[in-house]
Amino acid sequence: MLELALKGSKRYYGWIAFLLVLIGIGSTALVDQWINGLTITGMSRDVSWGFYISQFTYLVGLAASGVMIVLPNYFHSYKTNKHMVIFGEFMAIAACIMCLLFIVVDIGQPTRMMNMIFHPTPNSILFWDMIVLNGYLFLNLLVGWTCLQADRQHLPHPQWLKPFIYISIIWAFSIHTVTAFLYQGLPGRHYWLTAILAARFLASAFCSGPAILLLVMMITEKFTSFKMAKNAISTLVKIIAYAMCVNMFFFALEIFTSFYSNIPGHMHPILYLFEHASSGLVTLMWTFIAFAAISITLLVTPRFRNNYKLLPWTLGILIVATWIDKGLGLLIGGFNPTPFETITSYWPTGKELMVSMMVYAIGALVVTVLFKIATEVKAEVGHSQKLDCGCSSEDTCECAPEEAPAEA
Amino acid sequence: MKNSRRTFIKLAGIAAAGLAVAPKKVLASSGGHSPVKVNATASHAKHWAMVIDTTKLHTAEAIDELAKVCHHIHNVPSIEGKKEVKWLWHDTYGHSFPEQENPHLAEEVHERVFPLLCNHCENPPCVRVCPTKATFQRPDGIVAMDYHRCIGCRYCMAGCPYGSRSFNWGDPRLNLDMANLNPEFPTRMRGVVEKCNFCVERLAVGKQPACVEASNGAMFFGDLKDPDSEVRKVLREKFTIRRKPSAGTEPSVYYII
């Protein structure tokens, strides 16, 4: 099926070329890092993980979130989602690849990477994180590719694939739980040392991930003949709404535990992030609170939730909020105050951001290629195609053809 | 076709014969039984521990003097700022014992500074989190680093509740006085974590750790599991505290206050 990615419009090739240019520019910073070491980053003795690891953490959520489409389809036979499933799986593939790349660019001796495999160390959560991430990447490649190939040949999905699909659903929860365990098992890092961190990670993943996926799908609709079924969108938006509420509820639980208990170690990181940090970071953290409130308001009000003109903005606001919380604040708050109850500020350097841009561009490239293949196949077999009135062929709509496409 | 099969069987036979007659070599290469002999003069202990008498050793100058000795013999690069590398250093009471501070502390104690180093915990979180066993605990309790195994993930730095580890963000040799190196201890490369090693290389030849030797009797070093050892004698006689007891790591460095 890969050949489908090779034929495209000028605009498609232009976009690919643009991404390649971004990758090229970012890789110059990576070469600099290879020559001079991680000294080019803003990290320090006290804040020893930075932007790379926080992006990895955020993207694990994106990888895990695909399950929010896959699970209703397979566990609840909620078939409205079924033509979206492949996009969730392909997004997870790109996210896993970005996660692995962020780890590779973060380590000081990338040439020794294989030591993780040569000297397997089950007491290290990083070992398990490697297992679950690679496993999830493999599962999604296998399931996504096989299903799409079967679709293309108008065949039912093979039976032997079922166990892998069910495993992948459970596995999705494991990747984010294990990533949370990376953080939450560390003594002396009060912001992370909380039993609810894994639950917070999952809640945040299940709102931010589908939000990113929906936005990307909206862009996909613009450039292809694929059209999401209205019911599928509204289900996904409801999932996002619930998950965001749960996410902020969990955050409130943290605030209560820290401040009612009055234990200094638990209060300090929160006070630092929302009060004492550099004004830029404090502003960002309050932006997170404001954006979270706005996105929840917009998502729980049916009138706003069902307004598809407003929806991209709602999703964008939600993504920014969750990114500040998990892709930035979580990490900085974990390292500050330091073990000496002092503050060492951290901010990514330009080069760090360039390397991150490279990884994100690689992810975008993978998404583009995979989504191109998926939409081409869907167009070939006539799944979820756009009708004249703007409906999807999966919707029951005035302009829907008499004979609706046969259920596969 | 036949010919090549015959060749293959021949080769396989030779290889099998080789394995049969040379099991010793195979065993040796597996690393299980390296013929290393222990130095006859080496010091041994069931669990090494250190006691620091901060009534005697409490000025920045005195501690910096010890740090200089330590950093010189271990070729620790001197880097200014947030990316510094340090094995032994000094800090205030509040920073050293953040959970054990109070606003009405004896002024004299409050003004002291305290020598800080790796605690060589009995229950080290850094060893627990290291994904390659580059950080490991020796049978004698010392938490050691294999600089050639370390992939530079810095998980141990996140795991250590005492901030005892440093990372070589850049090439450490750029910040070393190359004319004044200690040829008996290796320098590190960039991208690996390093820290105090309780002077294992000196214990191996029967010497005390360099800081203990240079401390003029303000530091004690010995076997915690031996009731007759000097450290146990000091611990019996004086009141001591350890850093961050709540972390449950059981540090092997004790402070007489």
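This is a predicted model: local features need pLDDT of at least 70, side-chain atom pairs count only at pLDDT 80 or more; totals for chains, interfaces and linings use all residues.

Visitor: How do you know that chain A and chain B share an interface, and how many residues are involved?

Guide: Contact here means heavy atoms within 4.5 Å. By that cut-off, 43 residues of chain A are in contact with 46 residues of chain B. The two chains bury about 3,600 Å² between them, with 52% of it on carbon and sulfur atoms. On the chain A side, A:Arg45, A:Arg112 and A:Phe340 supply 23% of the area buried against chain B, more than any other three residues.

Visitor: Why is the pair A:Asp106 and B:Arg154 called a salt bridge?

Guide: The cut-off is 4 Å between a side-chain nitrogen of Lys or Arg and a carboxyl oxygen of Asp or Glu. In this pair the closest N and O atoms are 2.6 Å apart, so the pair falls within the 4 Å limit and gets the name. Polar contacts between the chains come to 32 residue pairs, counting residues at pLDDT 80 or more.

Visitor: Which helices of chain A supply at least two residues each to the side that touches chain B?

Guide: Those are α1 (10-36), α5 (115-118), α6 (125-152) and α7 (161-184). Helix α1(A) gives the most, with four residues. By class, that side of chain A has 19 nonpolar, 19 polar and five charged residues.

Visitor: On to the pockets. What makes up the lining of the largest pocket?

Guide: There are 27 lining residues, and A:Trp15, A:Val216, A:Ile219, A:Val367 and A:Thr368 lie nearest the centre. About 950 Å³ of space lies in this pocket. Helix α14(A) gives the most to the lining, with ten residues. Other contributors of at least two residues include α2 (51-65), α4 (85-106) and α8 (197-223) of chain A. The lining has 16 nonpolar, eight polar and three charged residues.

Visitor: And what lines the second largest pocket?

Guide: This one has 32 lining residues, with B:His71, B:Ser78, B:Glu84, B:Val85 and B:Lys86 nearest its centre. Its volume is about 730 Å³. The largest share of its lining, five residues, comes from α3(B), and β2 (89-92) of chain B also supplies at least two. Here the classes divide into ten nonpolar, twelve polar and ten charged.

Visitor: How do you know that B:Thr240 is in a strand, and what does B:Thr240 touch?

Guide: A strand is a DSSP run of E with at least two residues. Leaving out residues up to four places away in sequence, B:Thr240 touches B:Val51, B:Leu235, B:Tyr254, B:Tyr255 and B:Ile256.

Note on methods: Residues are numbered from 1 along each chain as its sequence is written. Chains are lettered from A and ligands numbered from 1 in the order in which they are written. Side-chain values use heavy atoms; hydrogens and water are left out. Buried area is the accessible area (1.4 Å probe) that two parts lose on being put together, summed over both. A polar contact is a pair of N or O atoms within 3.5 Å; within protein, one must be able to donate a hydrogen and the other to accept it, and residues adjacent in sequence count only if both atoms are side-chain atoms. Ala, Val, Leu, Ile, Met, Phe, Trp, Tyr, Cys and Pro count as nonpolar, Asp, Glu, Lys and Arg as charged, and the others, Gly among them, as polar. On a 1 Å grid over the protein atoms alone, a cavity is a set of points where a 1.4 Å probe fits but cannot get out, and a pocket is an open set with protein on both sides within 12 Å along at least five of seven lines; lining residues have an atom within 4 Å of a point. Grid points are joined across faces, edges and corners, and a volume is the space filled by probe spheres set on the points.
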